[in-house]
Amino acid sequence: MGIVYVNGEFVSTEEAKVSVYDRGLLYGDGVFEGIRAYNGRVFKLDEHIDRLYESAHSILIDIPLTKEEFKENLAETIRRNQLRDSYIRPIVTRGIKGLGIDPWDAMSPTVIIIADKINLYSSKMYEEGISAVCASTIRNNPNACNPQIKSLNYLNSALAKFEAYLAGADEALFLNPQGYVVEAAVDNLFIYTKEGVLITPPTYLGALRGITRDAVIAIARDKGIPVKEEPFTRHSLYNAVESFLTGTAAEIIPLVKVDGRVIGDGRPGKVTRDIMAAYRELTKTSGYPVY
Ligand code: PXG
């Protein structure tokens, strides 16, 4: 049985419970992260912890732990579960208060850290690429709850995933309110153009500033590939030479068909495969040691 960190204590999965009055449940009033550990080392831990604290700061939640304490508790959760390869889900909610939306006077935040395994895409999907549809559900307007905040309300992403499922595609892509392509349901998106430029939508359009996205930008620049953060439409995506999605869980997965249009020659391209290999190497050779 697994061990979960809940408010300073390590308890069994069965005992790990939150109140039905927790605002995380009642209003999605909280934030989270999705982190991976490879062979006993947590990949990009500082970046994930910084983003967690920034999400919390933006919605006026004061996490009752220093970043160092948070990292140590996270590492201890992995150790208690004796995991080397793991998916870690820290969650912070505003805590408990009576019914009513008014967020003031909530009691202390609820802090949860789960360390477990995840289901990945099949190896066939990494080798052959996946398909996607542009969802009719659009990315949240940045003037509503900003998509930079990894809040506990992922209903928009879940609805987009349903659209993909109902259309028989593997993934869903989001357009923003202006019709630019911004990202996938829970992954960032890149295209490689016939001019030899790697392009990803700018975060101000409503894309999350993904940590895998940042790592891919650094890898590509290192390889001398020109990278731009620039808005583009579905037309540019349909006519790209290559495309792929990036995310902590998905890592880098080739995208070979969108809305029935074949991307490039319909197979994962060379640039995509080179970046996949470099990313894999980075996950093996860096990270916060747990043991
Ligand atoms: N966009 C969105 C909206 C995300 O939630 C990413 C991009 C990729 O970011 P990182 O930092 O991981 O490169 C995310 C984060 C899942 C799952 O179950 C994945 C995320 C969030 C929630 C669940 O695969 N990815």
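Domain bounds here come from an automatic or database domain assignment. The model is predicted: local features need pLDDT of at least 70, side-chain atom pairs count only at pLDDT 80 or more, and totals for chains, interfaces and linings use all residues. Residues are numbered from 1 along each chain as its sequence is written, and side-chain values use heavy atoms, with hydrogens and water left out.

Start with the largest pocket. A pocket is an open set of points on a 1 Å grid over the protein atoms alone, where a 1.4 Å probe fits, with protein on both sides within 12 Å along at least five of seven lines; lining residues have an atom within 4 Å of a point. Its space is about 750 Å³, a volume being what probe spheres set on the points fill, with points joined across faces, edges and corners.

Select Phe32, Lys150, Tyr154, Ala185 and Val186, the closest to the centre among 39 lining residues. Next, colour helix H5 (155-167), which gives the most to this lining, four residues. Helices (H or I, at least four residues) and strands (E, at least two) are DSSP runs, numbered from the N terminus.

Now move to the second largest pocket, with about 290 Å³ of space. Select Glu47, Arg51, Glu54, Arg209 and Asp214, which lie closest to its centre out of 13 lining residues. Then show helix H2 (45-58), the source of the largest share of this lining, five residues. Finally, colour by domain: domain 1 (3-116) and domain 2 (123-284) each supply at least three residues of the lining of the second largest pocket.
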